[in-house]
Amino acid sequence: MIGPSGAVRVMVATKPVDFRKGMEGLATLVRESMRADPFSGAVYVFRAKRADRIKLVFWDGTGLCLFTKRLEDGIFRWPKVEDGVMRLSAAQLSALLEGLDWRLVHEMRETPAPTQAG
């Protein structure tokens with residue numbers, strides 16, 4: 001299982017793609033449609049028309065990787081279908097891959113340290 005750190009960039013193509021595409025075809029979509037570099041170390045996320053399938057393409061430093069998942073029960077929670085790209089945090093990607101609602105995952109906020117009364 002992929003366990004991206006908080007520093008990884010996650011870019012989601014919001015429009016469904018042809019799921020017959022392999023990693024080379026998806027890397028071409030990253031370059032042409034998302035205007036990004038598939039070898040940058042970012043994780044690029046694609047959806048099928050049916051909301052139960054997802055593909056990720058990313059460069060791990062040694063080669064281009066393709067991760068595919070189909071939910072047996074339920075659907076992935078996708079952003080509104082439109083042209084464009086949106087960014088998710090690593091925590092939101094983890095929630096998405098588990099079939100959870102990634103919109104409920106928020107960045108941790110810094111809380112001030114308690115002061116000691118002297």
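## Strands and hairpins

Two strands pair if DSSP finds at least two bridges between them, and strands themselves are DSSP runs (E, at least two residues) numbered from the N terminus, as are helices (H or I, at least four). With that in hand, welcome to a predicted model, in which local features need pLDDT of at least 70, side-chain atom pairs count only at pLDDT 80 or more, and totals for chains, interfaces and linings use all residues. Residues are numbered from 1 along each chain as its sequence is written, and side-chain values use heavy atoms, with hydrogens and water left out.

Let us begin with strand 2 and strand 3, which a hairpin joins through 5 residues. The two run antiparallel and are linked by 5 bridges. Opposite Phe 46 stands Lys 55 of strand 3.

Strand 3 also runs antiparallel to strand 4, with 7 bridges between them. Here Leu 56 has Phe 67 in strand 4 as its bridge partner. These two strands form a hairpin as well, with 4 residues between them, and Gly 61 in the turn has a positive phi of about 105 degrees. Strand 3 is mostly covered, since 5 of its 7 residues are buried (buried means under 20% relative accessible area, exposed over 50% and partly exposed in between, with a 1.4 Å probe and protein chains only).

## Nonpolar cores

In soluble globular proteins, nonpolar side chains tend to be buried together. A nonpolar core here is a set of buried Ala, Val, Leu, Ile, Met, Phe, Trp, Tyr and Cys residues joined through side-chain atoms within 4.5 Å. The largest such core has 21 residues, and Val 43, Val 45, Ile 54, Leu 56, Trp 78, Leu 93 and Leu 96 touch the most other members. Strand 1 (10–13), strand 2, strand 3, strand 4 (64–70) and helix 2 (90–97) each supply at least two of its residues. Helix 2 gives the largest share, 5 residues. Apart from this core lies another, of 13 residues, among them Leu 29, Met 34, Phe 46 and Val 57.

Leaving aside neighbours within four places in sequence, Val 45 is in contact (heavy atoms within 4.5 Å) with residues including Val 10, Val 12, Ile 54, Leu 56, Trp 78, Leu 93 and Leu 96.

## Salt bridges

Side chains of opposite charge can pair when their charged atoms come close. Which pairs do so under the salt bridge criterion, a side-chain nitrogen of Lys or Arg within 4 Å of a carboxyl oxygen of Asp or Glu? A search of the whole structure finds 5 salt bridges. One of them joins Arg 70 and Glu 72 at 2.6 Å, N to O; Arg 70 is partly exposed at 49% relative accessibility, while Glu 72 is exposed at 67%. Another links Asp 101 to Arg 103 at 2.8 Å, N to O. Asp 101 is partly exposed, with a relative accessible area of 22%, and Arg 103 is partly exposed too, at 46%. Elsewhere, salt bridges that share partners join Arg 50, Asp 52 and Arg 53 into one network.

## A look at Asp 52

Is Asp 52 buried or exposed? Asp 52 is buried, with a relative accessible area of 15%. Its place is in the loop between strand 2 (43–47) and strand 3 (53–59). The side chain of Asp 52 meets that of Arg 50 in a salt bridge of 3.7 Å, N to O. Not counting residues up to four places away in sequence, Asp 52 touches Lys 69, Arg 70, Leu 71, Gly 74, Ile 75 and Phe 76.
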